[in-house]
Amino acid sequence: MSALYRPTIGLTTQTLHSIDGIPPALPSSWVMNQRYFVAATSVGAVPWMIPLLDDDLFTLRAIYERLDGLLIPGGVDINPAEYGEAVRPECGNLDPARDRVELQLVRWAIAEGKPVLGLCRGMQIINVAQGGSMWQDLASQKPSFHKHDFFPTAGFARDHLAHEVDIVPGTRLSRLFECTRCAVNSMHHQGVKAVGRDLTVSATADDGLVEALEGTGDGFLVGVQWHPEVFEMADPHTRHLFGGFIQAAVEWATTNDTSKAGVGG
(Lines give C-alpha, C1' and ligand atoms only; values in the text may rest on other atoms or scores of the structure.)
Protein backbone atom coordinates (compact mmCIF):
# COMPACT_ATOMS: atom_id res chain seq x y z
CA MET A 1 0.00 0.00 0.00
CA SER A 2 1.23 3.48 -0.81
CA ALA A 3 2.90 5.41 1.99
CA LEU A 4 0.53 8.23 1.06
CA TYR A 5 -2.59 6.14 1.64
CA ARG A 6 -5.28 8.10 3.48
CA PRO A 7 -7.75 5.89 5.35
CA THR A 8 -11.48 6.36 4.91
CA ILE A 9 -13.03 7.15 8.29
CA GLY A 10 -16.78 6.98 8.80
CA LEU A 11 -18.33 9.64 11.04
CA THR A 12 -21.88 9.07 12.20
CA THR A 13 -24.49 11.79 12.09
CA GLN A 14 -27.41 13.02 14.19
CA THR A 15 -31.06 13.57 13.36
CA LEU A 16 -31.56 17.32 13.06
CA HIS A 17 -34.83 17.36 14.98
CA SER A 18 -33.28 15.64 18.00
CA ILE A 19 -31.53 18.96 18.73
CA ASP A 20 -33.27 21.55 20.93
CA GLY A 21 -34.83 24.51 19.17
CA ILE A 22 -35.07 23.11 15.65
CA PRO A 23 -38.32 24.29 13.98
CA PRO A 24 -40.56 21.33 13.09
CA ALA A 25 -41.10 22.72 9.58
CA LEU A 26 -37.45 22.21 8.61
CA PRO A 27 -36.94 19.15 6.38
CA SER A 28 -35.69 15.95 8.00
CA SER A 29 -31.89 16.02 7.87
CA TRP A 30 -28.78 14.28 9.15
CA VAL A 31 -26.17 16.66 10.57
CA MET A 32 -22.85 16.72 12.45
CA ASN A 33 -20.46 19.32 13.84
CA GLN A 34 -17.75 20.19 11.32
CA ARG A 35 -14.96 20.07 13.92
CA TYR A 36 -14.93 16.26 13.86
CA PHE A 37 -14.32 16.25 10.12
CA VAL A 38 -11.65 18.95 10.32
CA ALA A 39 -9.80 17.11 13.10
CA ALA A 40 -9.87 13.79 11.23
CA THR A 41 -8.80 15.36 7.94
CA SER A 42 -5.92 17.25 9.56
CA VAL A 43 -4.21 13.98 10.49
CA GLY A 44 -4.69 12.36 7.09
CA ALA A 45 -8.16 10.83 7.09
CA VAL A 46 -10.71 10.93 4.30
CA PRO A 47 -13.94 11.51 6.25
CA TRP A 48 -17.20 9.86 5.22
CA MET A 49 -20.48 11.15 6.64
CA ILE A 50 -22.66 8.15 7.52
CA PRO A 51 -26.45 8.49 7.08
CA LEU A 52 -28.70 7.04 9.76
CA LEU A 53 -30.11 4.20 7.66
CA ASP A 54 -31.29 2.23 10.68
CA ASP A 55 -33.97 0.45 8.62
CA ASP A 56 -31.60 -0.50 5.77
CA LEU A 57 -28.86 -2.71 7.18
CA PHE A 58 -27.92 -3.91 3.69
CA THR A 59 -26.86 -0.42 2.64
CA LEU A 60 -25.37 0.37 6.06
CA ARG A 61 -23.21 -2.74 5.82
CA ALA A 62 -22.07 -1.71 2.34
CA ILE A 63 -20.99 1.65 3.72
CA TYR A 64 -19.23 -0.01 6.67
CA GLU A 65 -17.26 -2.35 4.42
CA ARG A 66 -15.76 0.63 2.58
CA LEU A 67 -14.41 2.14 5.82
CA ASP A 68 -11.01 1.73 7.44
CA GLY A 69 -12.20 3.05 10.80
CA LEU A 70 -15.12 4.56 12.71
CA LEU A 71 -15.24 7.86 14.57
CA ILE A 72 -18.32 8.13 16.81
CA PRO A 73 -18.90 11.80 17.76
CA GLY A 74 -20.69 13.45 20.66
CA GLY A 75 -24.39 14.26 20.68
CA VAL A 76 -27.69 13.66 22.45
CA ASP A 77 -28.34 11.04 25.12
CA ILE A 78 -28.48 7.33 24.36
CA ASN A 79 -31.93 5.79 24.76
CA PRO A 80 -31.82 3.98 28.16
CA ALA A 81 -33.83 1.14 26.59
CA GLU A 82 -30.57 0.16 24.87
CA TYR A 83 -29.15 -0.82 28.27
CA GLY A 84 -32.38 -2.11 29.77
CA GLU A 85 -33.64 0.90 31.72
CA ALA A 86 -36.71 3.11 31.61
CA VAL A 87 -36.21 6.76 30.69
CA ARG A 88 -35.78 9.01 33.72
CA PRO A 89 -37.22 12.57 33.68
CA GLU A 90 -33.68 14.01 33.74
CA CYS A 91 -32.68 12.18 30.57
CA GLY A 92 -32.27 14.57 27.65
CA ASN A 93 -33.24 14.40 24.00
CA LEU A 94 -32.98 11.01 22.27
CA ASP A 95 -32.17 9.92 18.72
CA PRO A 96 -33.22 6.25 18.38
CA ALA A 97 -32.13 5.96 14.75
CA ARG A 98 -28.66 7.16 15.63
CA ASP A 99 -28.50 4.73 18.56
CA ARG A 100 -29.34 1.78 16.34
CA VAL A 101 -26.88 2.75 13.60
CA GLU A 102 -23.97 3.47 15.92
CA LEU A 103 -24.45 0.37 18.04
CA GLN A 104 -24.59 -1.81 14.94
CA LEU A 105 -21.51 -0.21 13.38
CA VAL A 106 -19.48 -0.45 16.59
CA ARG A 107 -20.46 -4.09 17.12
CA TRP A 108 -19.39 -4.96 13.57
CA ALA A 109 -16.11 -3.10 14.04
CA ILE A 110 -15.33 -4.71 17.40
CA ALA A 111 -16.04 -8.17 16.00
CA GLU A 112 -13.64 -7.56 13.09
CA GLY A 113 -11.00 -5.47 14.86
CA LYS A 114 -11.64 -2.37 12.76
CA PRO A 115 -10.40 0.76 14.58
CA VAL A 116 -12.96 2.76 16.57
CA LEU A 117 -12.57 6.13 18.30
CA GLY A 118 -15.47 7.35 20.43
CA LEU A 119 -15.74 10.91 21.71
CA CYS A 120 -18.07 11.83 24.61
CA ARG A 121 -21.34 10.12 23.56
CA GLY A 122 -19.13 7.98 21.33
CA MET A 123 -17.38 6.51 24.36
CA GLN A 124 -20.77 5.79 25.91
CA ILE A 125 -21.89 4.03 22.70
CA ILE A 126 -18.82 1.77 22.89
CA ASN A 127 -19.74 0.92 26.47
CA VAL A 128 -23.41 0.18 25.71
CA ALA A 129 -22.46 -1.82 22.60
CA GLN A 130 -20.49 -4.09 24.92
CA GLY A 131 -23.33 -4.53 27.41
CA GLY A 132 -22.44 -1.69 29.77
CA SER A 133 -24.85 0.76 31.38
CA MET A 134 -25.06 4.50 32.02
CA TRP A 135 -25.94 7.00 34.68
CA GLN A 136 -28.77 8.84 32.93
CA ASP A 137 -28.11 12.00 34.94
CA LEU A 138 -25.10 12.35 37.20
CA ALA A 139 -26.43 15.24 39.27
CA SER A 140 -29.65 13.50 40.31
CA GLN A 141 -28.48 9.89 40.42
CA LYS A 142 -24.97 10.27 41.80
CA PRO A 143 -24.65 13.65 43.55
CA SER A 144 -21.27 12.66 45.00
CA PHE A 145 -19.80 13.23 41.53
CA HIS A 146 -18.46 16.67 40.72
CA LYS A 147 -19.97 18.94 38.07
CA HIS A 148 -19.32 17.62 34.54
CA ASP A 149 -21.93 19.51 32.51
CA PHE A 150 -19.96 22.59 31.46
CA PHE A 151 -22.20 23.23 28.46
CA PRO A 152 -21.84 26.17 26.05
CA THR A 153 -25.55 26.85 26.64
CA ALA A 154 -24.62 27.65 30.25
CA GLY A 155 -21.93 30.11 29.20
CA PHE A 156 -18.85 27.89 29.12
CA ALA A 157 -16.49 27.87 26.13
CA ARG A 158 -16.20 24.50 24.40
CA ASP A 159 -12.46 24.50 25.10
CA HIS A 160 -12.91 25.32 28.80
CA LEU A 161 -10.61 22.98 30.74
CA ALA A 162 -13.06 21.85 33.41
CA HIS A 163 -11.00 19.31 35.35
CA GLU A 164 -8.11 16.89 35.15
CA VAL A 165 -8.16 13.15 34.52
CA ASP A 166 -5.83 10.42 35.75
CA ILE A 167 -4.69 8.12 32.95
CA VAL A 168 -3.98 4.52 33.89
CA PRO A 169 -0.32 3.64 33.26
CA GLY A 170 0.29 0.92 30.69
CA THR A 171 -2.90 1.60 28.73
CA ARG A 172 -3.03 2.51 25.06
CA LEU A 173 -4.20 5.98 26.09
CA SER A 174 -1.19 6.50 28.36
CA ARG A 175 1.15 5.48 25.53
CA LEU A 176 -0.53 7.92 23.15
CA PHE A 177 -0.57 10.81 25.61
CA GLU A 178 2.83 10.02 27.16
CA CYS A 179 1.56 11.20 30.54
CA THR A 180 -0.66 10.03 33.40
CA ARG A 181 -2.60 13.23 34.08
CA CYS A 182 -4.04 15.93 31.84
CA ALA A 183 -6.71 18.64 31.82
CA VAL A 184 -9.84 18.11 29.71
CA ASN A 185 -13.04 19.88 28.73
CA SER A 186 -16.34 18.41 29.92
CA MET A 187 -19.76 18.67 28.27
CA HIS A 188 -21.87 15.76 29.52
CA HIS A 189 -24.48 15.07 32.17
CA GLN A 190 -24.40 11.28 31.80
CA GLY A 191 -21.61 8.84 32.55
CA VAL A 192 -20.57 5.20 32.58
CA LYS A 193 -22.14 3.16 35.37
CA ALA A 194 -21.26 -0.48 34.62
CA VAL A 195 -18.33 -1.07 32.26
CA GLY A 196 -19.07 -3.33 29.29
CA ARG A 197 -17.38 -6.64 28.57
CA ASP A 198 -13.85 -6.73 27.17
CA LEU A 199 -13.36 -3.06 28.08
CA THR A 200 -10.99 -1.54 30.59
CA VAL A 201 -11.04 1.88 32.24
CA SER A 202 -8.06 3.91 31.03
CA ALA A 203 -8.81 7.27 32.69
CA THR A 204 -10.90 8.59 35.59
CA ALA A 205 -11.81 11.98 37.01
CA ASP A 206 -10.90 12.84 40.60
CA ASP A 207 -14.43 11.88 41.68
CA GLY A 208 -14.00 8.39 40.23
CA LEU A 209 -16.13 8.87 37.13
CA VAL A 210 -14.95 6.91 34.10
CA GLU A 211 -13.33 9.32 31.61
CA ALA A 212 -11.88 6.87 29.10
CA LEU A 213 -12.37 3.27 28.04
CA GLU A 214 -10.44 1.01 25.70
CA GLY A 215 -10.68 -2.53 24.46
CA THR A 216 -8.70 -5.31 26.08
CA GLY A 217 -7.79 -6.81 22.69
CA ASP A 218 -5.16 -5.81 20.15
CA GLY A 219 -7.42 -3.64 17.96
CA PHE A 220 -7.72 0.14 18.34
CA LEU A 221 -10.86 0.63 20.44
CA VAL A 222 -10.66 3.85 22.46
CA GLY A 223 -13.29 6.17 23.88
CA VAL A 224 -12.83 9.38 25.84
CA GLN A 225 -15.54 11.28 27.68
CA TRP A 226 -14.23 14.71 26.66
CA HIS A 227 -14.16 16.55 23.30
CA PRO A 228 -10.62 16.61 21.89
CA GLU A 229 -11.86 17.70 18.45
CA VAL A 230 -12.39 21.18 19.92
CA PHE A 231 -8.65 21.74 20.30
CA GLU A 232 -6.24 22.46 17.49
CA MET A 233 -3.75 19.80 16.46
CA ALA A 234 -1.05 21.92 18.07
CA ASP A 235 -2.28 20.37 21.32
CA PRO A 236 -0.13 17.22 21.64
CA HIS A 237 -2.80 15.14 23.37
CA THR A 238 -5.31 15.83 20.62
CA ARG A 239 -2.76 15.22 17.86
CA HIS A 240 -1.55 11.95 19.36
CA LEU A 241 -5.07 10.61 19.97
CA PHE A 242 -6.30 11.33 16.44
CA GLY A 243 -2.95 10.42 14.94
CA GLY A 244 -2.85 7.07 16.71
CA PHE A 245 -6.37 6.31 15.51
CA ILE A 246 -5.56 7.19 11.90
CA GLN A 247 -2.35 5.16 11.98
CA ALA A 248 -4.33 2.18 13.28
CA ALA A 249 -6.79 2.64 10.40
CA VAL A 250 -3.94 2.63 7.87
CA GLU A 251 -2.54 -0.53 9.43
CA TRP A 252 -5.97 -2.17 9.39
CA ALA A 253 -6.43 -1.30 5.72
CA THR A 254 -2.96 -2.64 4.89
CA THR A 255 -3.71 -5.94 6.60
CA ASN A 256 -7.32 -6.44 5.60
CA ASP A 257 -7.95 -4.80 2.24
CA THR A 258 -5.27 -5.38 -0.38
CA SER A 259 -7.55 -3.91 -3.07
CA LYS A 260 -6.56 -0.50 -1.76
CA ALA A 261 -2.86 -1.05 -2.32
CA GLY A 262 -1.22 1.81 -4.16
CA VAL A 263 -4.09 4.26 -3.69
CA GLY A 264 -2.59 7.66 -2.95
CA GLY A 265 -3.97 10.53 -0.87
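Contact here means heavy atoms within 4.5 Å. By that criterion, and leaving aside residues up to four places away in sequence, Phe177 touches Ile167, Cys182, Trp226, His237 and Leu241. The model is predicted.

**Nonpolar cores**

- The largest nonpolar core has 32 residues, and Leu71, Leu117, Leu173 and Phe177 touch the most other members.
- Two or more residues of this core come from each of β1 (8-12), α1 (34-42), β6 (116-119), β8 (163-167), α6 (172-177), β9 (181-184), β13 (221-224) and α7.
- Helix α7 gives the most to this core, with 6 residues.
- Another core, of 30 residues, lies apart from it and includes Leu70, Leu105, Trp108 and Val116.
- In soluble globular proteins, nonpolar side chains tend to be buried together.

**Helix α7**

- Helix α7 runs over residues 236-256, which makes 21 residues.
- Buried residues of α7 include Leu241, Phe242, Phe245, Ile246, Ala249 and Trp252.
- Also buried in α7 are Thr238, Gly244, Ala248, Val250 and Ala253.

**Salt bridges**

- The structure holds 14 salt bridges.
- Glu232 and Arg35 meet through their side chains in one of them, at 3.8 Å from N to O.
- Because Glu232 is in the loop between β13 and α7 while Arg35 is in helix α1, this pair ties together parts that are 197 residues apart in sequence.
- Glu232 counts as exposed because its relative accessibility is 52%, and the cut-off for exposed is over 50%.
- Arg35, at 26% relative accessibility, counts as partly exposed.
- Arg121 forms a salt bridge with Asp99, with the closest N and O atoms 2.7 Å apart.
- Arg121 belongs to helix α4 (residues 121-129) and Asp99 to helix α3 (residues 96-112), so the pair ties together parts that are 22 residues apart in sequence.
- Arg121 is buried, with a relative accessible area of 1%, and Asp99 is buried at 0% relative accessibility.
- A network of salt bridges links Arg98, Asp99, Glu102 and Arg121.
- Arg181 forms a salt bridge with Asp206, where the closest N and O atoms are 3.1 Å apart.
- This pair links distant parts of the chain, 25 residues apart: Arg181 is in strand β9, and Asp206 is in the loop between β11 (199-205) and β12 (210-215).
- Arg181 is partly exposed, with a relative accessible area of 34%.

Note on methods
Residues are numbered from 1 along each chain as its sequence is written. This is a predicted model: local features need pLDDT of at least 70, side-chain atom pairs count only at pLDDT 80 or more; totals for chains, interfaces and linings use all residues. Side-chain values use heavy atoms; hydrogens and water are left out. Helices (H or I, at least four residues) and strands (E, at least two) are DSSP runs, numbered from the N terminus. The expected span of a helix is 1.5 Å times one less than its number of residues. Buried means under 20% relative accessible area, exposed over 50%, partly exposed in between (1.4 Å probe, protein chains only). A nonpolar core is a set of buried Ala, Val, Leu, Ile, Met, Phe, Trp, Tyr and Cys residues joined through side-chain atoms within 4.5 Å. A salt bridge is a side-chain nitrogen of Lys or Arg within 4 Å of a carboxyl oxygen of Asp or Glu.
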